[in-house]
Amino acid sequence: MTELRFDGRVAVVTGAGGGLGRSHALEFARRGAKVLVNDLGGSVHGTGASASAAHQVVDEIVALGGEAAANADSVATPAGGAAIVQSALDAFGRIDILVNNAGILRDKAFHKMDAAMIDAVVDVHLKGALYVGQPAFRVMREQHYGRIISTTSASGLFGNFGQANYGAAKAGLAGLTRVLALEGAGHGIKVNAIAPIAATRMTEDLLGELSTRVAPEWVSPVVAYLASEECSVNGNVYSVAGGRIARIFVAESEGVVLPEVTAEAVRDQLVHIDGALDQPFHEPSSLDDETTIIAKALAEA
Ligand code: NAI
């Protein structure tokens, strides 16, 4: 079995001063990549800042014989995103891999959530991936090679009480993954996402018993595969936790074609509209594909 290596490759990992990002950065460095360790160094709620978080991880990588540079810009502004990408280019001359990992939490039941809580979370998770992703994507497009892995969450894909801001931002990352997978496909760029569960400061009091089974180190090898030249998938989302890895996908039921659409017909046909797991379903690969499926259903009705 040949080892997956990253010699000559440059990886940018946002929010890599601790938790999952640190683990990804170490995994890349161990496999020969040069790593730009980005971290704003604030609290789990996104307050404060310190360059020491990024520098500590760089020191760890260097101590293990790897190569890394630190950056403490915030992902949450266009200027920060540009500066992060420029730091990698200044230090290492190229960018092959971007892991959108930086994140914060501002949990609250939706009816009590204020605008600052919404903005802070959407800015870091969703806008951050766009702001860092866009300059990185341009570089990757020019060099006809790239890998982007974003960090979504079961919170956004399946729902979680008290996380309207976070869940919406994380679901947005899944959408971004699908769009960039299509836009990068002709340019040697593959874009995928993970929905991890890991014991970090973010989940300190949340995982209970599970926390002993889900160290971040179980997640990073999946990121490494998705970041590798050999990665054979594009636009996929994987649930990753403690050695359990599964594909999460968006599918739709076979549905119905109503001769006349009325509210009553929807009520009466709902069981067929909703479908069930043991019945046929579609997994459209794009909006175009979905349109084709709809046109075919209408033509055959
Ligand atoms: P963490 O709090 O240890 O790591 C997040 C890192 O992002 C921190 O080091 C923080 O300083 C950095 N960061 C925050 N705002 C930033 C900004 N504006 N610019 C640059 N860096 C910034 O937490 P963890 O668990 O390692 O989270 C990593 C990612 O995984 C996050 O996106 C999180 O939402 C996601 N995630 C984690 C899960 C878990 O079970 N730990 C579950 C699902 C998703």
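Modeller: Gladly, and let me start with N236: leaving aside neighbours within four places in sequence, N236 is in contact with T177, V191, N192, A193 and R247. Please keep in mind that this is a predicted model.

Biologist: Where does N236 lie?

Modeller: N236 sits in the loop that runs between helix 7 (220-227) and strand 7 (237-241).

Biologist: Why is N236 called buried?

Modeller: The relative accessibility of N236 is 14%, and buried means under 20%. N236 therefore counts as buried.

Biologist: What makes the pair N236 and Y238 a polar contact?

Modeller: The side chains of N236 and Y238 are joined at 2.9 Å, and the cut-off for a polar contact is a pair of N or O atoms within 3.5 Å.

Biologist: Why is A215 called partly exposed?

Modeller: A215 has 28% relative accessibility. Buried would need a value under 20% and exposed one over 50%, with partly exposed in between, so A215 counts as partly exposed. Its place is in the loop between strand 6 (189-196) and helix 7.

Biologist: How far is A215 from I97, in sequence and in space?

Modeller: A215 and I97 are 118 residues apart in sequence, and their C-alpha atoms are 23 Å apart in space.

Biologist: How do you know that K170 has no salt bridge?

Modeller: For K170, the nearest side chain of opposite charge is D107, 11 Å away. A salt bridge needs a side-chain nitrogen of Lys or Arg within 4 Å of a carboxyl oxygen of Asp or Glu. K170 is buried, yet has no salt bridge.

Biologist: Where is K170 found, and which residues is K170 in contact with?

Modeller: K170 belongs to helix 6 (residues 164-184). Beyond neighbours within four places in sequence, K170 is in contact with H125, T151, T152, S153 and G156.

Biologist: Now the ligand: which residues come nearest?

Modeller: There are 30 residues around the ligand, and D39, N101, Y166, T200 and R201 come nearest.

Biologist: How far is a polar backbone atom of L20 from an oxygen atom of the ligand?

Modeller: That distance is 2.8 Å for L20. A polar backbone atom of V75 is 3.1 Å from a nitrogen atom of the ligand, and a backbone N or O atom of G103 lies 3.3 Å from a ligand oxygen.

Biologist: Finally, which domains does the assignment give?

Modeller: The assignment gives domain 1 (10-248) and domain 2 (252-300). Their centres, taken over C-alpha atoms, are separated by 35 Å.

Terms used: Residues are numbered from 1 along each chain as its sequence is written. This is a predicted model: local features need pLDDT of at least 70, side-chain atom pairs count only at pLDDT 80 or more; totals for chains, interfaces and linings use all residues. Side-chain values use heavy atoms; hydrogens and water are left out. Helices (H or I, at least four residues) and strands (E, at least two) are DSSP runs, numbered from the N terminus. Buried means under 20% relative accessible area, exposed over 50%, partly exposed in between (1.4 Å probe, protein chains only). A polar contact is a pair of N or O atoms within 3.5 Å; within protein, one must be able to donate a hydrogen and the other to accept it, and residues adjacent in sequence count only if both atoms are side-chain atoms. Contact means heavy atoms within 4.5 Å. Lys and Arg count as positive and Asp and Glu as negative; His and the chain ends are not counted. Domain bounds come from an automatic or database domain assignment. A residue is near a molecule or strand if one of its heavy atoms lies within 4 Å of it.
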